[in-house]
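Please read this briefing with the model open beside it. The notes are arranged by topic, from the overall fold to individual residues.

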Amino acid sequence: MTETCAKRQRSFLLSTISPAFTLGVVVAYVIGGYLPWNIASAIFALSSFVYFVVQLLAPESPAWLFKRGRVDAAARSLRKLGRSPSGINHELQLLKLASSEESDRASTSGYSSTPQSGNPSSSSPSSTSSSAPPGSTTSSTTPWIS
């Protein structure tokens, strides 16, 4: 939700999640008290199906597309979300800035979500860190998991 809505709407939309969930529980409780279980179940199944269809029609996240190098698809997604051409360019620049800041942070902290081919700890299972307890084994395929 935060990746697809306009900045001025984010706080309002995010603050409605908890009340909407609570309202759904109350409605289910009330409906369940007055209707037979099979009719109440059909109503809830129908509402879930409608939600599923709406999710299928929603455009993909522009940030997700941009992170995977699909800039044109991210621009199309922003267009589907109702952004103006200048707004699309502005948001793509913001995504580019956020992506570069994220890669800078990863390079300065030494953290990487994938193992590096030049990393000595990923080349052999015998090169474990000194923080591992004696007698423990590590997998050579996933050296970043301890």
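Predicted model: local features only at pLDDT ≥ 70, side-chain atom pairs only at ≥ 80, totals over all residues.

The chain averages a pLDDT of 75, with 71% of the residues scoring at least 70, and 12% of its 146 residues count as buried.

**Confidence**

- Among the elements of the protein chain, α3 has the highest mean pLDDT, at 90, whereas helix α6, covering residues 85-109, has the lowest, at 78.
- Over residues 119-130 the pLDDT stays under 50, and for this stretch the model has 11 contacts beyond four places in sequence.

**Overall exposure and contacts**

- Of the contacts in the protein chain between residues at least 6 apart in sequence, 31% join residues that are at least 24 apart.

**Annotated spans**

- The feature "transmembrane region" is placed by UniProt, in an unreviewed entry, at residues 12-31 and 37-58.
- In the model, residues 12-31 are 95% helix and 0% strand, and the C-alpha atoms at the two ends of this span lie 28 Å apart.
- Residues 37-58 are likewise 95% helix and 0% strand in the model, with their end C-alpha atoms 32 Å apart.

**Nonpolar surface patch**

- A nonpolar patch on the surface is formed by Val26, Tyr29, Val30, Tyr34, Leu35, Ile39, Ile43 and Phe44, which together have about 810 Å² of accessible area.
- Two helices, α2 (17-34) and α3 (37-57), each supply at least two residues of the nonpolar patch, and α2 gives the most, with 4 residues.
- Ile43, one of the patch residues, lies in helix α3 and has a relative accessible area of 37%; because this value falls between the 20% and 50% cut-offs, Ile43 is classed as partly exposed.

**The salt bridge**

- A search of the whole structure finds 1 salt bridge, in which Arg83 is joined to Glu91 with the closest N and O atoms 2.6 Å apart.
- This distance meets the criterion of a side-chain nitrogen within 4 Å of a carboxyl oxygen, and therefore the contact between Arg83 and Glu91 counts as a salt bridge.
- In general, side chains of opposite charge can pair when their charged atoms come close.
- Both partners, Arg83 and Glu91, are buried, and Glu91 falls within the residue range 85-109 of helix α6.

- Lys67 lies in helix α4, which covers residues 62-67, and Lys67 counts as exposed because its relative accessibility of 57% is over the 50% cut-off.
- Although Lys67 and Ser99 are 32 residues apart along the chain, their C-alpha atoms are separated by 7.2 Å.
- In helix α5, which covers residues 71-80, the buried residues are Ala73, Ala74, Ala75, Ser77 and Leu78.
- Just after α5, Gly82 takes a positive phi of about 90°.

Conventions:
Residues numbered from 1 in each chain as written. Heavy atoms only, no water. Patch = residues over 30% accessible without salt bridge, like charges linked within 9 Å, V, L, I, M, F, W, Y side chains within 5 Å. Areas by Shrake-Rupley, 256 points an atom, 1.4 Å probe, with all protein chains shown as cover. Buried < 20%, exposed > 50% of the residue type's maximum accessible area, 1.4 Å probe, protein only. Contact = heavy atoms within 4.5 Å. UniProt positions renumbered as here; feature names shortened; annotations may be inferred. pLDDT = per-residue confidence, 0-100.
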